[in-house]
Amino acid sequence: MNNNFSKLGKQLWDIWGQLSASQRVSVFAATFVLVAGLTATAFWSSHADYGLLYGGLSETEAAKVVSALDEAKVPYKVSGSGSVTVPVDKVYTMRMQLASKGIPQGEGVGFEIFDKPNFGISDFVQRANYLRALQGELSRTISQLDEIQSSRVMIVLPENRLLLDKEKYPTASVFVRVRGNSQLPPSSINSIRFLVANSVEGLKPNHVSVVDNMGNVLSENQDNDSLSGLSATQLQSRRNLEQYLSKKAQEMLEKVLGPGQAIVRVSAEVNYDTITRSEEKYDPDGQVIRSQTKNDETVDTATTQNNTAAGITANTPADTNSPASSAGALNKSKNSKVTSTVAYEINRTHTDSVQMAGGLKRLTAAITVAQQMAGTGAERKPVVRTGEEMEKLRRIVSSALGADLTRGDTVALEELPFNETFATDITQQLNSDQKKDFWMTLAGNLTYPALGVGTLLLLLRLFKQTPVQDIPMGVPVGRLSPAPNSKGKISEINFDPQPNVVTVDVLNRLIKDNPNNMTSAIRDWMNRGRPAEAATRNE
């Protein structure tokens, strides 16, 4: 076996020695490409794609995850940002296995502190553990926000006493680490404050302070009824109103004039007084009969007068049928009285009104529009707008803002040339950078294909420069002329150095006529030019 390998190696070495320089380069390049291709194929076939297992872990939690992966003998990669990656086919399996072990737990201690029974623990320790668990759960919940990388929550609760002290109330402080050192939006700040306040009994959102990792106080403890709290609220509401009105007017002008062609600033004077008004009015002309009473009374009376002297005549009854026998004169009287009582209802108006804070007292707007330009390059000249155009713009802005001239609102509109030098420079710089990035990207994308094409052309050129080794399909005619021996048979073939070459048909015929002599002739031709020892060994 060893002898065969040595012969094979010697033959390969002899073949390598017979090759020219260009042939050797071609063989070397082909071997290199083949080996590189096999190596790359083996590398990519053995290389597994990695997927994210957990990201943004602290050092403590990352160490727990890595330890669990080592125990499970799962390959992993750890990055500096606290991200742990494992093969894609093991991501979900390892997540379930780690979750069964409670890894990762997140920062702080949560309500899992009560999973283990603790008998004989004091009320103070139990209260402290509850506070720790509540702080940990709030920290984990706040860290789930997209803008926040990590958080810490500290809660201060007053001691339980029989007599309550109104001056002592729960407070909380929240420390957040924002992703990318960006500014936390107000909506996220308010959500954090309400989340913490609604998780602690008796805690108000105004008593929750939020601080970021750059030392900025994002919220302060302020009461709504305090002077500072009212001032901050009023200033914020006024700023929001002014920004809303400015944005509405500017968007409308930019639709007409074009982007960046108008600047609008609005100043709003807001009434923050709360007024309760009660008003009662009477209208004497608006009388209405409510009730009417009328009494009609008539009285008739009759009296007689006795003029007879005292005595018998006066005491003697007289004949009533006789007028003469009348004792005296008769007096009659009649009285009539009518009484009317009328009650009127007077028209009365009673009004109770409450004027809430936030009413707009006065509005002032300052608008600047860019001056029109005509032409390009050196011929670019300003074109002044007419008074009618400016008045139209002022009217539409006044209508959009809801300006009331009777209230004292003013809208000032001016046309001025804008300084576009900085914007032009920035635009040119951006265009230059964009072109540069385009050509750099194009050059990077074309580099490897160009190298591949260049290598292919070089190999083709080397192959073309390789000399063609002509193998004769025949041998010189004179060198294969048969010579009969003394018995009349052809015993050898004379080699005559003539340049003529026989054809394949002639060679086949010679082989059929005398195969032994042809074998000797071919062996002699193959050993031509070699040392005598090598020729003898081949025989």
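**The sheets and their helices**

Mentor: Two strands are said to pair if DSSP finds at least two bridges between them. The elements themselves are DSSP runs numbered from the N terminus, with at least four residues of H or I for a helix and at least two of E for a strand. Before we go further, keep in mind that this is a predicted model, in which local features need pLDDT of at least 70 and side-chain atom pairs count only at pLDDT 80 or more, while totals for chains, interfaces and linings use all residues. Residues are numbered from 1 along each chain as its sequence is written, and side-chain values use heavy atoms, with hydrogens and water left out.

Serine 267 has threonine 364 of S10 as its bridge partner, and alanine 268 is partnered by leucine 363 in S10. S10 also pairs with S13 (residues 410-416), here in the parallel sense and over seven bridges. In that pairing, alanine 370 stands opposite leucine 416 of S13.

Put together, this gives an open sheet of three strands in the order S7-S10-S13, with mixed pairing. S7 and S13 are the edge strands, each pairing on one side only. From one strand to the next, the twist averages 10 degrees. Helix H9 (residues 387-401) packs on this sheet and touches S7, S10 and S13, contact meaning heavy atoms within 4.5 Å. The direction of H9 makes about 140 degrees with that of S13. Such angles run from 0 to 180 degrees between N-to-C directions, and axes are lines fitted to C-alpha atoms, for helices over the stretch in contact.

Now turn to another sheet. It is also open, with three strands in the order S4-S5-S6 and mixed pairing. S4 (148-156) and S6 (208-212) stand at the edges with a single partner strand each, so one side of each has no neighbour in the sheet. Neighbouring strands here are turned by 15 degrees against each other on average, direction ignored. S4 and S5 (residues 171-178) pair in the antiparallel sense over eight bridges, with isoleucine 148 opposite valine 178 of S5. Helix H5 packs on the sheet, touching S4 and S5, and its direction makes about 155 degrees with that of S4. Helix H6 lies across S4, S5 and S6, running at about 135 degrees to S6.

H5 and H6 also meet each other. H5 (residues 123-142) and H6 (residues 186-197) pack at an angle of about 155 degrees, their axes lying 11 Å apart. The two helices are therefore roughly antiparallel, on a scale where angles under 35 degrees count as roughly parallel, over 145 as roughly antiparallel, 65 to 115 as roughly perpendicular and the rest as oblique. H5 passes H6 in a right-handed crossing, that is, with the near helix turned clockwise from the far one by less than a right angle. Leu138, Thr141 and Ile142 of H5 make the contact with Ile192, Leu195 and Val196 of H6. These contact residues divide into five nonpolar, one polar and no charged, where Ala, Val, Leu, Ile, Met, Phe, Trp, Tyr, Cys and Pro count as nonpolar, Asp, Glu, Lys and Arg as charged, and the others, Gly among them, as polar.
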